[in-house]
Amino acid sequence: MLVKEFSRKLNLIKNDLIKNRPNETFLITKEALALIRRRIQNEGKDAAGAQLGDYSTNELPAFFFFGKSANAAGEAKVRKAAKEGEGVSYKELRQFNNRPTDKVDLTFTGAMWREMDVTIIGNTTTESTAEITPRTERSKKVAAYNSKRYGDILRLSKDERRMLRLANLARVQKSIRKFL
């Protein structure tokens, strides 16, 4: 391959990377969100690998949880406890609603995770920037509460960052293979 042809192909690669960067940034950020969600929901761990904690066993008056259940069976159990004058802890509320209690997974109804959006907030010829944010006011409040209580819930672990770097490298290699 002549130098001139090689230079032309490098320019094609550069232009391809610039053109596809916003979409690739969006996809990689969606992957980041999926990795974070999987770690928290499946393992109950923060970015450093520590358990997020345990669910509270402190009892509150059962009426405090009226309308908070994720299903009718859970609501019925809360109302039964209230009728019998019993207190209910958050851990019990999760049990009433058939939710895991062995680890904090930041998922009761799943709405907070479902309502996370990825938005490209910056794009230049040298970089694209994306942001993960809750889409509804309620999910913003839930995510803010969870971040205040457990630390930055959207922080990537070291392993997740490595996986995303590899995904980005694959993106660049795909473009190189396309033109060389």
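Phe64 is partly exposed, at 47% relative accessible area, while Phe65 is buried at 6%. (Buried means under 20%, exposed over 50% and partly exposed in between, using a 1.4 Å probe and protein chains only.) Keep in mind that this is a predicted model: local features need pLDDT of at least 70, side-chain atom pairs count only at pLDDT 80 or more, and totals for chains, interfaces and linings use all residues. Residues are numbered from 1 along each chain as its sequence is written, and side-chain values use heavy atoms, with hydrogens and water left out.

**Aromatic rings**

- Rings of Phe, Tyr and Trp (its six-membered ring) pair if their centres lie within 6.5 Å; planes under 30 degrees apart are stacked, over 60 edge-to-face, and the rest tilted.
- That rule gives three aromatic pairs here.
- Phe64 and Phe65 make an edge-to-face pair, with 5.2 Å from centre to centre and 90° between the planes.
- Tyr55 and Tyr90 make a tilted pair, at 5.5 Å centre to centre and 50° between the planes.
- Tyr55 sits in the loop between α1 and β1 (60-61) and Tyr90 in helix α3, so this pair ties together parts that are 35 residues apart in sequence.
- Helices (H or I, at least four residues) and strands (E, at least two) are DSSP runs, numbered from the N terminus.
- Tyr55 is buried, at 9% relative accessibility, whereas Tyr90 is partly exposed at 30%.

**Charges over rings**

- A charge sits over a ring if NZ of Lys or CZ of Arg is within 6 Å of the ring centre and within 35 degrees of the ring normal.
- Arg79 has its charged end over the ring of Phe66, 4.0 Å from the centre.
- Phe108 has Arg99 over its face, 5.7 Å from the ring centre.

**The largest pocket**

- On a 1 Å grid over the protein atoms alone, a pocket is an open set of points where a 1.4 Å probe fits, with protein on both sides within 12 Å along at least five of seven lines; lining residues have an atom within 4 Å of a point.
- The largest pocket has a volume of about 790 Å³, a volume being the space filled by probe spheres set on the points, which are joined across faces, edges and corners.
- Its lining has 26 residues, and those nearest the centre are Tyr90, Phe108, Arg138, Val142 and Tyr145.
- Two or more lining residues come from each of α3 (90-96), α4 (111-114) and α5 (137-150), and α5 gives the most, with six.
- By class, the lining has 14 nonpolar, seven polar and five charged residues. (Ala, Val, Leu, Ile, Met, Phe, Trp, Tyr, Cys and Pro count as nonpolar, Asp, Glu, Lys and Arg as charged, and the others, Gly among them, as polar.)

**The second largest pocket**

- This pocket has a volume of about 280 Å³.
- It is lined by 14 residues, with Thr25, Ile28, Thr29, Ser128 and Ala130 closest to its centre.
- α1 gives the most to this lining, with six residues.
- The classes split into five nonpolar, five polar and four charged residues.

**Around Thr125**

- Thr125 is in the loop between β3 (116-123) and β4, and it is exposed at 56% relative accessible area.
- Leaving aside neighbours within four places in sequence, Thr125 is in contact (heavy atoms within 4.5 Å) with Ile18 and Arg21.
- Thr125 and Asn15 are 110 residues apart in sequence, yet 9.3 Å apart in space, C-alpha to C-alpha.
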